Amino acid sequence: MQRLLGLSACALFLGHAWLYLTHRSKLSVFFWNQDWLEKPLASWFDIDWEQYAATSEPLIHRTDAVFAFALFLGALLSLHAGWRKPRLPWRDSLLLLASLFLIPFWLLAWTDRNLQLPMFLEHFLQWGTPFLLLAYPRLKPKTWYLLTAIFIAATFAGHGLYALGWPHDRPANFTTMVIALTPLGEPGSAAFLIAAGILDLLLIPALFLSSQRLRIIALAYATLWGLATAFARILSHFTPAEKFYGLDPWLAETILRLPHGLVPLALLLTLLPKRSQSI
């Protein structure tokens, strides 16, 4: 269990670190937001917006490098937390600090999507997995189950709402990935995504029901569908005609989404025979 959580957090950190290292982070949403920065730049630094905009790219790249270093460190610490002592104060403090570097990507991605609720929810496992790793040896099994179930429910609520196309339009890449990986056309892919969205939302109450069988079924679905949606990124963009077979940045996008399936798997393992009495 601890090792699976450590692996999940490590994958999350590595995927995000690669996006920062290759300057595909969301930092430009902040650094190029004139409404946010124009007045502070003029008041505090006596720099007008045009002058700043012309010279801001090196600042973004340096910040990307700092974030990438912190995230790579987080990946190493996650592996150590998974395979070594479950509680180690100095390591856990550093891991907590590295985990904070995941939060700006989430908030800026949400801002970039005009504060859409599904985007806010979808990223819960993309910033919360290291916190679940740190919480695992510190919380009672029932409390840890509840906390982890909340994070899974939030992520799949975001998945489901986007798949249904409500309350915002369905992201175009959802449809293109289904078309690329299945024989379905556009109408068929829309029906497929509506069905997937309904299942994602039905998963949420099932996680909190008293029936252990239903919880096991829900978590098994979340594991399979979470991993499928992660690997869909790389499989739908793989092409020998492009540089690196089209794997960059889609390999990173796949790796950072592995917790969408691995964290439900970790929770599922707590409900299997010989472990169920602790929940």
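At what angle do helix α10 and helix α12 pack, and how far apart are their axes?

1. **Before you start.** This is a predicted model, in which local features need pLDDT of at least 70, side-chain atom pairs count only at pLDDT 80 or more, and totals for chains, interfaces and linings use all residues. Residues are numbered from 1 along each chain as its sequence is written, and side-chain values use heavy atoms, with hydrogens and water left out.

2. **The helix pair.** Two packed helices are described by the angle between their axes and the distance between the axes. Helix α10 (residues 141–164) packs against helix α12 (residues 186–208) at an angle of about 160°, and their axes are 8 Å apart. The axes are lines fitted to C-alpha atoms, for helices over the stretch in contact, and angles run from 0 to 180 degrees between N-to-C directions. α10 and α12 are therefore roughly antiparallel to each other (angles over 145 degrees count as such). By class, the contact of α10 with α12 has 19 nonpolar, three polar and one charged residues. Here Ala, Val, Leu, Ile, Met, Phe, Trp, Tyr, Cys and Pro count as nonpolar, Asp, Glu, Lys and Arg as charged, and the others, Gly among them, as polar.

3. **The whole chain.** The protein chain has 15 helices and zero strands; helices (H or I, at least four residues) and strands (E, at least two) are DSSP runs, numbered from the N terminus. Along the principal axes, the C-alpha atoms of the protein chain fill a box of roughly 65 × 55 × 35 Å. Of its 279 residues, 46% count as buried, where buried means under 20% relative accessible area, exposed over 50%, and partly exposed in between (1.4 Å probe, protein chains only).

4. **Contacts along the chain.** Among contacts in the protein chain with a separation of 6 or more, 72% come from residues 24 or more positions apart. Contact means heavy atoms within 4.5 Å.

5. S8 lies in helix α1 (residues 2–21), and at 0% relative accessibility S8 counts as buried. Not counting residues up to four places away in sequence, S8 touches T129, P259, L262 and V263. L14 also lies in helix α1, but L14 is partly exposed, with a relative accessible area of 33%. L14 touches F72 and A75, again not counting residues up to four places away in sequence. The C-alpha atoms of L14 and L132 are separated by 17 Å, and these residues are 118 residues apart along the chain.

Technical notes:
Parallel < 35°, antiparallel > 145°, perpendicular 65-115°, else oblique.
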